Amino acid sequence: GWQKCGTCCKDREFAIRFVCQCKYSHTGRMSTDRRSRAEQAHETTERILAVARTVFTTQGVAQASLDAISAQAGVTRGALHHHFTNKEEMLDAIVRATVVRMGDAAHDLAGRDAPAEQRLVSLIHANLAELRDNIDVHVILYRERAFFRSRDDFDYVVNAKKASYNA
């Protein structure tokens with residue numbers, strides 16, 4: 001098929017193998033994949049996190065291996081390390097958004113001008129919806145609670161839990 005150069009000759013069409021006739025005089029092989037490198041990197045990161053989430057849920061963080069995660073994600077160990085330094089960094093990427101979202105919801109509900117019972121019921125509904133939507137993350141949060149308590153870099157998990165209890 002024909003592809004546009006896309007770099008400098010946006011209005012010209014070239015075969016997959018092309019010699020560009022523009023003033024830049026470049027040659028090369030065009031990718032049929034139109035995704036940008038940033039998009040490809042994002043997709044790889046998300047694939048690694050999805051596999052890590054499953055592995056952490058089923059095996060636990062301590063038993064999970066980076067080799068298993070990279071193999072199941074279909075990336076090399078080097079590619080995995082390009083995206084994440086270690087398991088803890090992956091774990092942080094998996095749980096942080098959920099923990100922050102739950103903490104924010106508890107804080108928002110606590111600040112409402114409503115009877116305590118109504119705020120409590122709203123908090124329970126929000127927590128149940130969160131559990132339903134992200135059960136695997138909550139399994140990790142529950143099973144790894146001793147790990148989270150023992151690590152200063154995960155103090156936000158413990159603090160968010162305490163804040164939701166105090167709300």
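**Entry 1: the largest pocket**

I began with the lining of the largest pocket and found that helix 8 supplies its largest share, 7 residues. I am working with a predicted model, in which local features need pLDDT of at least 70 and side-chain atom pairs count only at pLDDT 80 or more, while totals for chains, interfaces and linings use all residues. Residues are numbered from 1 along each chain as its sequence is written, and side-chain values use heavy atoms, with hydrogens and water left out.

I took helices as DSSP runs (H or I, at least four residues) numbered from the N terminus. A pocket here is an open set of points on a 1 Å grid over the protein atoms alone, where a 1.4 Å probe fits, with protein on both sides within 12 Å along at least five of seven lines; lining residues have an atom within 4 Å of a point. I noted a volume of about 540 Å³ for the largest pocket, a volume being the space filled by probe spheres set on the points. Of its 19 lining residues, Leu141, Val157, Lys161, Ser164 and Tyr165 are the closest to the centre. At least two lining residues come from each of helix 4, helix 5 (116-133), helix 6 (135-143), helix 7 (145-150) and helix 8. I sorted the lining by class into 11 nonpolar, 4 polar and 4 charged residues, where Ala, Val, Leu, Ile, Met, Phe, Trp, Tyr, Cys and Pro count as nonpolar, Asp, Glu, Lys and Arg as charged, and the others, Gly among them, as polar.

**Entry 2: helix 4 against helix 8**

I next looked up helix 4 (residues 87-110) and helix 8 (residues 155-166), whose axes lie 9 Å apart at an angle of about 20 degrees. Axes are lines fitted to C-alpha atoms, for helices over the stretch in contact, and angles run from 0 to 180 degrees between N-to-C directions. The two helices are therefore roughly parallel (angles under 35 degrees count as such, and 65 to 115 as roughly perpendicular). In their contact (heavy atoms within 4.5 Å), Asp92, Val95, Arg96, Val99 and Ala106 of helix 4 meet Tyr156, Val157, Ala160 and Ser164 of helix 8. I counted 6 nonpolar, 1 polar and 2 charged residues there.

**Entry 3: helix 1 against helix 4**

I then turned to helix 1 (residues 37-59), whose axis comes within 10 Å of that of helix 4 and crosses at roughly 95 degrees, so helix 1 and helix 4 are roughly perpendicular. Ile48, Leu49, Ala52, Arg53 and Phe56 of helix 1 make the contact with Lys87, Met90, Leu91, Ala93 and Ile94 of helix 4. These residues divide into 8 nonpolar, no polar and 2 charged.

Terms used
Angles under 35 degrees count as roughly parallel, over 145 as roughly antiparallel, 65 to 115 as roughly perpendicular and the rest as oblique.
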